[in-house]
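Please read the following report with the sequence and the model open side by side.

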Amino acid sequence: MTTRIDTRFAELKSQGRAAFVTYVMAGDPDLATSLEIVKALPKSGADVIELGIPFTDPMADGPSIQAAGLRALKNGMTLKKTLELVRDFRKDDNVTPLVLMGYYNPIYIYGVDKFLADAKTAGVDGLIIVDLPPEEDDELCIPALKAGLNFIRLATPTTDDKRLPAVLANTSGFVYYVSIAGITGAAAADANAVGEAVARIKRHTGLPICVGFGIRTPEAARAIAEKADGSVVGTALVDALKNSLDAEGRATAKTVNAVAELTAALAQGVKGAQQAAE
Amino acid sequence: MNIAKPNSYRSGPDERGHFGIFGGRFVAETLMPLILDLEKGYTAAKADPAFQAEMNGYLKNYVGRPSPLYFAERLTEHLGGAKIYLKREELNHTGSHKVNNVLGQIMLARRMGKKRIIAETGAGQHGVATATLCARFGLECVVYMGAVDVERQQPNVIRMEMLGAKVMPVQSGTRTLKDAMNEALRDWVTNVHNTFYCIGTVAGPHPYPTLVRDFQSVIGNETRAQMQEIEGRLPDSLVACIGGGSNAMGLFHPFLDDPSVEIFGVEAAGHGLTQLHAASIAGGRPGVLHGNRTYLLMDADGQIQDAHSISAGLDYPGIGPEHSWLHEVGRVNYLSATDDEALAAFQLLSKLEGIIPALEPAHAIAKVMELAPKRPRDHLMVVNLSGRGDKDVPQVGDILRGKK
């Protein structure tokens, strides 16, 4: 089965450039603003959208994304509303790949089968679930693949060559390489180390490899895009959003633009890598 | 799925860390290789007689084991029923049962060549035990503690700092034990190469629930031998408080296959089960958090809810996965005690036996006050006195004087 993700990476490959993958939190700071932000991302140059599912206890995330999730939850965001947001986004955009990223518990409580059916109907293309390693593939990964969704796995600096085949076995869409051992938004990624890691993973898979964690600037996004099939930026966008809020944490007239402008600048960085690579 | 009653209640978990549907390894990929390493390291240590011998030496001469099994004569007379014995874990070095597990994990960390130890703590008892053994073995120690708990358990914060540990107050989320655990996991993901995560309870990803249980089983094994010596037979019932449930699992596990032994776990009912509480089995349902599937307090969307208990050590919205399984198969009865009941039990034990219990086991004593009078005088009831109350004296003093 071909998803929007597969189609998008095939297009980018033929254009000879890397993907720019953006992450924002669903419902941050509120549902209506969040929908406007998600709609603005492709227009500003995002090739793939990762949409965070808010969770009270995001164990792999740094303070920025934790706070974004809590802002969304405080304003009544739920997994059900996250799927509604995707459905509304799909009314105007049927090509940009959209991946839900989060933790397993809200999905487990929603009900795995019902979630997969509703996600597919809403227009979700893939899932990144941080706390489901291959050892727990029976929970969601295998059912998701059967339902026609991509299951995108995280590979990390601690995933050695012996373990990589297990990590890649049921992975589809793309591989998300976590550039540092750490949480989101912490240390900066080293482009050379990333290049070696990407080359190592490429020996095990033909899937595109996108790299995230610690990429904040157009320059960094470009440096990574020269070494991988995609650069992922999350925390920097979430921080730009947060800096546009008023003292009570509510959206202002600047909020959507703040995210869109940084997205456009980062997209320029990634596209700059194309020439460098040629 | 295995629905039939098992032949043994002591054979779990399976090789993937499951107790029935509970347990498992729900962690980020960065941690997965470390958890597999830990499992390998623990399996090797368990099979090495030298490891056990060295641990037994420290348990005897450093921790002060065996802890006494003490006949609580005046409490028994007062309640007028079962003959009540206290397993005196509060007499251990550092003042609680936590040291049994920490000793095991620190020795394991040494075997595995790890030089930096991190831990989460609620009441501070696990943090103090970890800081103590890190001082003893010259290891770096970082303890994550919710900012709310730092405030209400000041004596333990001061102790940890005196022992050379760095206490990190956690400001995220609800600023209690669950957030301390999140923060410890974040530290571990960041410092994978030199760091050992010393988990304080029978929860977290496999193999933690098993190895913590094994290290705490010294409590139940001693109780068996001591009761045999004193009364010439097995006890008739066991009672222990449960936050994550390590003191309870340590007492219960060696008795699970003795059908004549009734077993009671006591969760914290806080202000009452219809209000804010910390009773995951009574008020929660199965979900996935902190690396395992278990009973959790959460809302309809799967968001984790705030727990509340007067006792910082029980103030956690989950419970160890093996307890969830023992509840579902019906081997252990899970009860709950409110803040007020625990406070009354705290005072009763202090006045009748001259033993000031920690607020955590005061919850177990509270249920003993209900269970013992309904049982005959030849019924032998063991309650795990898992910690001493020194740390709670300022807090309880304020409450009794009506300040809070």
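Lys98(B) lies in helix α4 of chain B, and in this predicted model Lys98(B) is a buried residue, because 31 other C-beta atoms lie within 10 Å, where 20 or more are needed for that class. An unreviewed UniProt entry lists Lys98(B) under "modified residue: N6-(pyridoxal phosphate)lysine". Once its neighbours within four places in sequence are left aside, Lys98(B) is in contact with Gln125(B), His126(B), Ala129(B) and Gly200(B).

Another helix of chain B, α7 (residues 154-162), has Asn156(B), Val157(B), Arg159(B) and Met160(B) as buried residues. These residues sit on the same side of α7(B), because they cover an arc of only 160 degrees around the axis. The cover over the buried residues of α7(B) includes α5 (125-137), β6 (140-146), α6 (147-152) and β7 (166-170) of chain B. Just after α7(B) comes Gly164(B), which takes a positive phi of about 95 degrees.

On the scale of the whole chain, chain B is divided into domain 1, made of 18-58 + 98-212, and domain 2, made of 66-95 + 217-400. The C-alpha centres of these two domains of chain B lie 22 Å apart, and 38 residues of domain 1 of chain B are in contact with 39 residues of domain 2 of chain B. On the side of domain 1 of chain B that touches domain 2 of chain B, the elements that give two or more residues are β2 (22-26), α4 (98-111), α5, α6, α7, α8 (177-190) and α9 (208-216) of chain B. Of these, β2(B) gives the most, with five residues.

Chain B also meets chain A, with 28 residues of chain B in contact with 35 residues of chain A. On the side of chain B that touches chain A, β2, α1 (32-46), α8 and β11 (285-289) of chain B each supply at least two residues, and the largest share, six residues, comes from α8(B).

Methods: Residues are numbered from 1 along each chain as its sequence is written. Chains are lettered from A and ligands numbered from 1 in the order in which they are written. This is a predicted model: local features need pLDDT of at least 70, side-chain atom pairs count only at pLDDT 80 or more; totals for chains, interfaces and linings use all residues. A residue is buried if 20 or more other C-beta atoms lie within 10 Å of its own, exposed if 12 or fewer, and partly exposed in between; C-beta atoms are placed from the backbone. Helices (H or I, at least four residues) and strands (E, at least two) are DSSP runs, numbered from the N terminus. The arc is that of the directions from the helix axis to the C-beta atoms. Two residues are in contact if their C-beta atoms, placed from the backbone, lie within 7 Å. Domain bounds come from an automatic or database domain assignment. UniProt positions are given in the numbering used here, feature names are shortened, and annotations may be inferred rather than shown by experiment.
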